[in-house]
Amino acid sequence: MDRIFIVLLISVLTIPFLMPLFIEKQEVPVIYQLGNVDINEITLYYKPEYIIIDYSHDGSEKNKFSRYEIRKLQTNGSTVLSYLSVGEAEDYRFYWEKWWNNNPPDFIGEENSKWPGNYKVKYWHWEWKEIMHQYIDKIIDQGFDGVYIDLVDSYLYWADRGYDIYATAEEMINLIADLSEYAKSKRKNFKIFVQNAESIIDYDYNGKYMESIDGLGIESLFYIKGKKRKEKQIDYRLNYIMKFKEHNKTIIVIDYIYNEKESDIEKVKDFISLCEEYGFLAYPATKDQKLYTISPGIKYFNQNK
């Protein structure tokens, strides 16, 4: 009787540890989540080719991800990229000084009305470049495989406010090239992805920008606000995007399209099919654009095969 009890006890205690061995992980191209990241959820249920997250659980230095957590995400063979904004300073980041609230330095611009606490930056200032170097140092130390750089299109923001667009584009290209060179000097295979601003290559006269990056992320390519874009709009962007692909850059496309309505499910399937047709990695994000959860839309990848 005692022997039977011991066997049963061992079985009960070991089941929780054995369960992950019997869970079939869903292979998906991308998981893009900037808040409420659950490392265990991702590693237990999914096998993404790319994972894009913030360097921190909540954006703060105190709660940044540990090397162990990043390594855990990489155990499925995933390439893990850290989000990095080069076009705005965020008042909850490690670099933000309290005195900036009342007397900001020259490179800090206006607050983004849509994102309180985010401030446009004059990214060509050396002080900002030094901050970005510090940021990349932290990301490399955490074990990330690369960065996913946002707000490259800030060159258009400053051009709309009286600055020469040739100058703002050149300065952004110089910044991306500098960050790429800096990061790859620290870790040779460190990956540089940029989001949107694909038309900046119109100003990339010597190919420096294209040479500096490993991949391109694109938002709202085929669908915007739940509606299919006009073919003319899609083709205009595809003309630029395919130039990146011709240079063997990885293309990730994020369309904010998923909700539970049946009609939107068909749109998700169409979006996935279009990305597969062009050889892009797709992420059908939720319509709210908050990226605080893993989009349920990724379950439709298996159904598209």
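Rings of Phe, Tyr and Trp (its six-membered ring) pair if their centres lie within 6.5 Å; planes under 30 degrees apart count as stacked, over 60 as edge-to-face and the rest as tilted. By this rule the count comes to 23 aromatic pairs. The model is predicted: local features need pLDDT of at least 70, side-chain atom pairs count only at pLDDT 80 or more, and totals for chains, interfaces and linings use all residues. Residues are numbered from 1 along each chain as its sequence is written, and side-chain values use heavy atoms, with hydrogens and water left out.

**Aromatic pairs**

- F94 and Y135 pair edge-to-face, at 5.3 Å centre to centre and 85° between the planes.
- F94 lies in the loop between β4 (88-90) and β5 (108-111) and Y135 in helix α4, so the pair ties together parts that are 41 residues apart in sequence. Helices (H or I, at least four residues) and strands (E, at least two) are DSSP runs, numbered from the N terminus.
- F94 is partly exposed, with a relative accessible area of 23%. Buried means under 20% relative accessible area, exposed over 50%, and partly exposed in between (1.4 Å probe, protein chains only).
- Y135 is buried, at 1% relative accessibility.
- Y95 and Y135 form a tilted pair, with 6.3 Å centre to centre and 55° between the planes.
- That pair links distant parts of the chain, since Y95 is in the loop between β4 and β5 and Y135 in helix α4, 40 residues apart.
- Y95 is buried too, at 5% relative accessibility.
- Ring pairs link a cluster whose members include Y55, W96, W128 and Y135.

**Sheet**

- Eight strands form an open sheet in the order β1-β2-β3-β7-β8-β9-β12-β13, with parallel pairing. Two strands pair if DSSP finds at least two bridges between them.
- β1 (26-32) and β13 (281-286) stand at the edges with a single partner strand each, so one side of each is left without a neighbour in the sheet.
- The twist averages 20° from one strand to the next. Axes are lines fitted to C-alpha atoms, for helices over the stretch in contact, and angles run from 0 to 180 degrees between N-to-C directions.
- β7 and β8 run parallel, joined by four bridges. Y148 has F193 in β8 as its bridge partner.
- β8 (residues 191-195) pairs with β9 (residues 215-219) over three bridges, in the parallel sense. Q195 stands opposite G217 in β9.
- Four of the five residues of β8 are buried.

**Helices on the sheet**

- Helix α6 (residues 165-186) packs on the sheet and touches β7 (146-150) and β8; its direction makes about 155° with that of β8. Contact means heavy atoms within 4.5 Å.
- Helix α9 (residues 262-278) lies across β12 (250-258) and β13, at about 170° to β12.

**G143**

- G143 sits in the loop between α4 (126-142) and β7.
- G143 is buried, with a relative accessible area of 14%.
- Leaving aside neighbours within four places in sequence, G143 is in contact with R67, I70, Q74 and R187.

**Whole chain**

- The chain has 10 helices and 13 strands.
- Along its principal axes the C-alpha trace spans about 85 × 45 × 35 Å.
- Buried residues make up 50% of the 305 residues.
- Of the contacts with a separation of 6 or more, 68% come from residues 24 or more positions apart.
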